[in-house]
Protein chains: 2
Amino acid sequence: MNTTIAIRKPDDFHCHFRTGQMLQRVVPFTAAVFARAIAMPNTKPSKQTRQDAIAYRGEILDAVGNDFQPLMTIEVTDRTTPKMIKDAVDANVIAGKFYPQGVTTNSQNGVSDFDALNPVFAEMERCRMRALFHGEDPSPGVFCLDRERSFLKTLRKIVETFPELKIVLEHVSTDNALFAVSTYDNVAATITAHHLLLTLDDVVGGLISPHNFCKPLAKRPEDRDALLKAATSGNPKFFFGSDSAPHSRGTKECAHGCAGCFTAPVVLPLLAQIFEECDALDKLQGFVSEFGADFYGLPRNTGTITLFKEDWVVPEEYEGTALFWGGKTLHWKTI
Amino acid sequence: MNTTIAIRKPDDFHCHFRTGQMLQRVVPFTAAVFARAIAMPNTKPSKQTRQDAIAYRGEILDAVGNDFQPLMTIEVTDRTTPKMIKDAVDANVIAGKFYPQGVTTNSQNGVSDFDALNPVFAEMERCRMRALFHGEDPSPGVFCLDRERSFLKTLRKIVETFPELKIVLEHVSTDNALFAVSTYDNVAATITAHHLLLTLDDVVGGLISPHNFCKPLAKRPEDRDALLKAATSGNPKFFFGSDSAPHSRGTKECAHGCAGCFTAPVVLPLLAQIFEECDALDKLQGFVSEFGADFYGLPRNTGTITLFKEDWVVPEEYEGTALFWGGKTLHWKTI
């Protein structure tokens, strides 16, 4: 039985740092474990330009210093132009993030018409900028559990029109999405730790649990099992993005609570535990430290991180921010 | 266009009054509109005997006086005997309520083995006591959205073993359950107002909304549409039970919130609005004032209640108890 695991220093290819005081509080958790992390742009207001991304990179680095490398993104909106794409790429912005309008936290500026963005997609393809999708169809009349599947039509159209565009379908939650990703050459997917753990039963199956509420919603047990299989398969199309999303307890425990799980402080031990339970600890390094870097064309990290076998109880909150898996015991610990 | 509706005084065939101060606060809302209401027995501790029911009837009447008639029930548990059934019937207890163990609020004493209760079912059949089921299968591994469908196997077995037993499948939430009820001679179903309004989208489709969280969970739009069709069909197998279930705001807006919607103060205007939108106001009286009484073998009420067309905004809470449909506008008003 393993009592330590040493793996190549990992990356988080999907993270929400927010801004201001919240950013100051949460970035150190990610930087303590990950060499790099994609900083998602849906702050308030969102990061939509080269200048926004440069300033946001500075704010993140101010919180932790230069050992940590934030990977910058801009939000693509109906007003994004090809020139804005080129300018951003010139400033080392590595991805453009697409939110269908209204689909999740701070997505009011999201895209209302993907077809109208064809010149933007063409420029991203030319500049080798990755296109990241929150893959849910927010159309009225599409039932919450069907939104990811319904988005796959849009994905297919973009893939067929821009075959060289490298696309990440973010935080996939269904067997349908895994299948779609596996069929397209230039499409990969991030998988979160919480989607490997949760089903809708954990949100509304017993009492209603806002701290397990995220978008896309956790789905059926069959979907969760398919995600576990994909994450532990060693298939390089599936890699880790935490979607760590901090919220104050008050914005979760209320009449209309926000979506998102703040996993950064627990996520590597959680992944080790999940992979161990799947008898797949040997697949952890590829999933968290290699496949994502490869897909983004980044060098793999050179350092190492070690996890020790030790039980510890996750605190319920950290300075007013609700922690995912609060009150539960984890069996692995970093440092 | 109607500006008033006068209907026979209605009954609520499924209501939670709780006990103590909460009971004092909530019973008057039901008594203001309904001539009679089934008082569900899953208080803390639950009402399991003739004596419990007699005392509970007294507590309810103390809160409102004799113009209102509570219809008493006992919870059937693994420890219920045929003699307890007969004794309860002799004290005018009209129904025994079955909760599968652990399925909803205060169901810790629920039934763990329905087969073992065959002598109890036989006595209920003999005494013409109605059998009321919270029809969800709480077995581990049954996904939350599948629990009602999974319970239908248990229902079928009971129906086939006790063909003369009059059964109510409570607060049905799926097309599957409606179909099952429609196929059995001695089985009827209550339908709540909130299941006629909500889908899972209203619970977790946007933000997470604990005030729309109930058991059984609101399901897919197709299920909600089937419920609307059944309620407005004029089929006497489907009648009204509010499942009005008061909770303090604090037990809803928290990390692990309780299931239940407190609808009593708004439910008749809400039903009028729903039936009007379905162009079925002529079917309202049967649903709320006649079919239930007929199924229970009770006389139909003789008085009348009138609703007026007038817009009003539902308060968010009443003395700390969260109101269903809070902040929304209703178009009908009683008195």
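In chain B, strands β10 (residues 304-313) and β13 (residues 329-334) run antiparallel and are joined by five bridges, where strands count as paired if DSSP finds at least two bridges between them. Within this pairing, K333(B) of β13(B) is the bridge partner of F308(B). The model is a predicted one, in which local features need pLDDT of at least 70 and side-chain atom pairs count only at pLDDT 80 or more, whereas totals for chains, interfaces and linings use all residues. Residues are numbered from 1 along each chain as its sequence is written, chains are lettered from A and ligands numbered from 1 in the order in which they are written, and side-chain values use heavy atoms, with hydrogens and water left out.

**Antiparallel pairing of β1 and β10**

- Strand β1 (residues 4-8) of chain B is also joined to β10(B) by five bridges in the antiparallel sense, helices (H or I, at least four residues) and strands (E, at least two) being DSSP runs numbered from the N terminus.
- R8(B) has T304(B) as its bridge partner in β10(B).

**The parallel sheet of chain B**

- Three bridges pair β2(B) with strand β3 (residues 36-39) of chain B in the parallel sense, and D11(B) has R36(B) as its bridge partner in β3(B).

**The contact between chains B and A**

- Chain B and chain A each bring 30 residues to the contact.
- About 2500 Å² is buried between the two chains, 63% of it given by carbon and sulfur atoms; buried area is the accessible area (1.4 Å probe) that two parts lose on being put together, summed over both.
- On the chain B side, F143(B), V204(B) and I208(B) lose the most area to chain A, together 26% of what that side buries.
- Four salt bridges are counted between the chains, each a side-chain nitrogen of Lys or Arg within 4 Å of a carboxyl oxygen of Asp or Glu.
- One of them links R220(B) to D146(A), with the closest N and O atoms 2.5 Å apart.
- Helix α8 (residues 201-205) of chain B gives the most to the side of chain B that touches chain A, with four residues.

**Backbone details in the loops**

- In chain A, K215(A) and P216(A) are joined by a cis peptide bond with omega of about -10 degrees, and P216(A) is found in the loop between α8 (201-205) and α9 (221-231).
- In chain B, a cis peptide bond with omega of about -10 degrees joins K215(B) and P216(B), and P216(B) is found in the loop between α8 and α9 (221-231).
- D279(A), a residue other than glycine, has a positive phi near 55 degrees, and D279(A) is found in the loop between α11 (267-277) and α12 (284-296) of chain A.

Definitions and conventions:
Contact = heavy atoms within 4.5 Å.
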